[in-house]
Amino acid sequence: MQANGAGGGQQQQPPPPSSQGPELGCLNAQNGEASSGSSAGEQLAHANGLLPSATNSSGGGGGGPSVNNGVSAPGGSAVEMGGGSGVGIGGSALKKKKRLSQSDEDVIRLIGQHLHGLGLNQTVDLLMQESGCRLEHPSATKFRNHVMEGEWDKAENDLNELKPLVHSPHAIVRMKFLLLQQKYLEYLEDGKVLEALQVLRCELTPLKYNTERIHILSGYLMCSHAEDLRAKAEWEGKGTTSRSKLLDKLQTYLPPSVMLPPRRLQNLLRQAVELQRDRCLYHNTKLDNNLDSVSLLIDHVCSRKQFPCYTQQILTEHCNEVWFCKFSNDGTKLATGSKDTTVIIWQVDPDTHQLKLLKTLEGHAYGVSYIAWSPDDNYLVACGPDDCSELWLWNVQTGELRTKMSQSHEDSLTSVAWNPDGKRFVTGGQRGQFYQCDLDGNLLDSWEGVRVQCLWCLSDGKTVLASDTHQRIRGYNFEDLTDRNIVQEDHPIMSFTISKNGRLALLNVATQGVHLWDLQDRVLVRKYQGVTQGFYTIHSCFGGHNEDFIASGSEVQVDAVIPVISVNDDKRSNDHKVYIWHKRSELPIAELTGHTRTVNCVSWNPQISSMMASASDDGTVRIWGPAPFVDNQDIEDGKSCRLLENV
């Protein structure tokens, strides 16, 4: 029986051809009669360009017959044969196949490529046949097969057929170079040195392309054995793996209408997952690019209960205002400094994430307003408030004081930063002191006349950033004694911190709040709203996985009017909260309540993205983490965390 015969001897007219032409777009639905000598298997081969037999039937640009899955027309019975469509017998016309849109054609090709990669070739054949699409250009199919089979002369001939379809005139030369390079390496691995030399001299060199690479290839002639060749060439050796990688490179020079980029559907799905994660305000875990780790059936949504905005522990060992807190670089310890003249070192339990008191470092007569861990976490430097001229360098492991440094009783040493080498640190204050010292407190260098508010050493080991009383941040180089302006604000910079990559600076600006600066472009990126910042020194931080979040404390300011979206409609006359923003959003995504006085400092654990600490004038340190486990309901504890859903 014919694939699409009509009753009464009438023959349907074929639909208009695809706008892409017979070689690039979907094949036209076959409404004409099939050849009487064509078998169902041969018709399948026409539909899927990946089968070798398809290369012998590409001239006509036609595809396999349309399929209606055996559904009968009114008044007649449906007849199936191979991939053919059933037709009515009572004179009724065959229902025409719906013309596919360009996006539909693309989706079908993507699905076909993915199924082919899974080895479901018969399914691909049926899909291409019924849709009337072709997976790729017939010449591309021949080219693919010849490359994978190592038939290099035939693959070169295929390039001549593909030449009219390639946009760049130089692409064919590059593709030929890649082919010949693989051919040359395979000859060498097989021990066919003369043949390899012939390829190098008579085929690769005349291309006059990438002569530097040709010189490198010629050096491989000296390899004594195949293992040596593969190691020096960083090549997998003759076989499917290296040829597949070669084909991936070759495909980049061909338009997608001719040959789809490798694993195109997987790449699109991976991009979609990554985009959803990037847009998720509460995503705070390591990104896994493996699609097997996620469900493609639902959108990515992070549970708010996993976000560190619920009080896990309250540390009450300090007996006065707590001015500073800082996790160690390895995340295993927390140091807190207080007006009560002590520094307390806390140990973080790796399993329960609970903190226990490890050591108490005493004797800071003026109190401790700033703490800096050495890069290896072996030492800790503690500074006091404005009236303090002393600096303490503690050995964290032994709890012993290594150095107590004071250059002059007139000094004010209120800030400190470690050089990345861990052998030096810089310190200074608002009375004009700016020193670089070694671990024994010996003065190495000094910079006169700089009234320092806050310090940070960049990863280059040379540049020290310092905010001063001129509402700016300048970069100072102690080696060549040069300085330059980097950030200029209109109000005093009370403190600042730098991101791990050294690109972003987070500033607490008096009466303005929290500002984010790009140090490379020297531009203000964002002003974060909601926080109350007066003239107290409040320390903010980057945090979370990939430092996607920003957290800051807030002052107590009576009758403050703060433009922030809130779940509860209160006047919030006392604003002693911890605010959390996503780096991209100016409005806070969470407000953490619990402290009863100004929150002076917030520190995010650099290794445990779900742990954060805050220090307050109320004498406590709060440890924040995910919500406790509760079955079948979300946590809605307004006294611990206010999550702003409509940001």
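User: How many aromatic pairs does a search of the whole structure find?
Analyst: It finds 12 aromatic pairs. Rings of Phe, Tyr and Trp (its six-membered ring) pair if their centres lie within 6.5 Å; planes under 30 degrees apart are called stacked, over 60 edge-to-face and the rest tilted. Keep in mind that this is a predicted model, where local features need pLDDT of at least 70, side-chain atom pairs count only at pLDDT 80 or more, and totals for chains, interfaces and linings use all residues. Residues are numbered from 1 along each chain as its sequence is written, and side-chain values use heavy atoms, with hydrogens and water left out.

User: OK, what kind of pair do Phe307 and Phe549 make?
Analyst: Their ring centres are 5.0 Å apart and the planes stand at 70 degrees, so this pair is edge-to-face. Phe307 sits in the loop between helix H11 (264-279) and strand S1 (310-315), while Phe549 is in strand S23 (residues 549-552), so the pair ties together parts that are 242 residues apart in sequence. Helices (H or I, at least four residues) and strands (E, at least two) are DSSP runs, numbered from the N terminus.

User: Is Phe549 buried or exposed?
Analyst: Phe549 is buried, at a relative accessible area of 0%. Buried means under 20% relative accessible area, exposed over 50%, and partly exposed in between (1.4 Å probe, protein chains only). Phe307 counts as buried too, with 0% relative accessibility.

User: And how do the rings of Phe549 and Trp604 sit?
Analyst: That pair is stacked, because the centres are 5.9 Å apart and the planes are at 15 degrees. Trp604 belongs to strand S26 (residues 599-604) and Phe549 to strand S23, so parts 55 residues apart in sequence are tied together. Trp604 is buried as well, with a relative accessible area of 4%.

User: Which residues do ring pairs link into a cluster?
Analyst: Phe434, Trp447, Tyr476 and Phe478.

User: Switching to sheets. What's the strand order in the one with S18?
Analyst: S18-S19-S20-S21, an open sheet of 4 strands with antiparallel pairing. Two strands pair if DSSP finds at least two bridges between them. Strand S18 (493-498) and strand S21 (523-528) are at the edges with a single partner strand each, so one side of each has no neighbour in the sheet. S18 is joined to strand S19 (residues 504-509) by 5 bridges, and the two run antiparallel. Ile498 stands opposite Ala505 in S19.

User: What about the sheet with S2?
Analyst: Another open sheet, with 4 strands in the order S2-S3-S4-S5 and antiparallel pairing. Its edges are strand S2 (322-327) and strand S5 (355-361), each with a single partner strand, so one side of each is left without a neighbour. Inside, 5 bridges join strand S3 (residues 333-338) to strand S4 (residues 343-348), and Leu334 stands opposite Trp346 in S4.

User: Which residues does the "repeat: WD" annotation cover?
Analyst: The UniProt record, an unreviewed entry, puts it on residues 315-349, 361-392 and 592-624. In the model, residues 315-349 are 0% helix and 54% strand, with the end C-alpha atoms 15 Å apart. Residues 361-392 come out at 0% helix and 38% strand, with the ends 10 Å apart.

User: Last one: what's the mean pLDDT?
Analyst: It's 81, and 79% of the residues reach 70 or more. pLDDT is the predictor's confidence in each residue, from 0 to 100. Over residues 1-47 the pLDDT stays under 50, and over residues 630-640 it is below 50.

Key: UniProt positions are given in the numbering used here, feature names are shortened, and annotations may be inferred rather than shown by experiment. Contact means heavy atoms within 4.5 Å.
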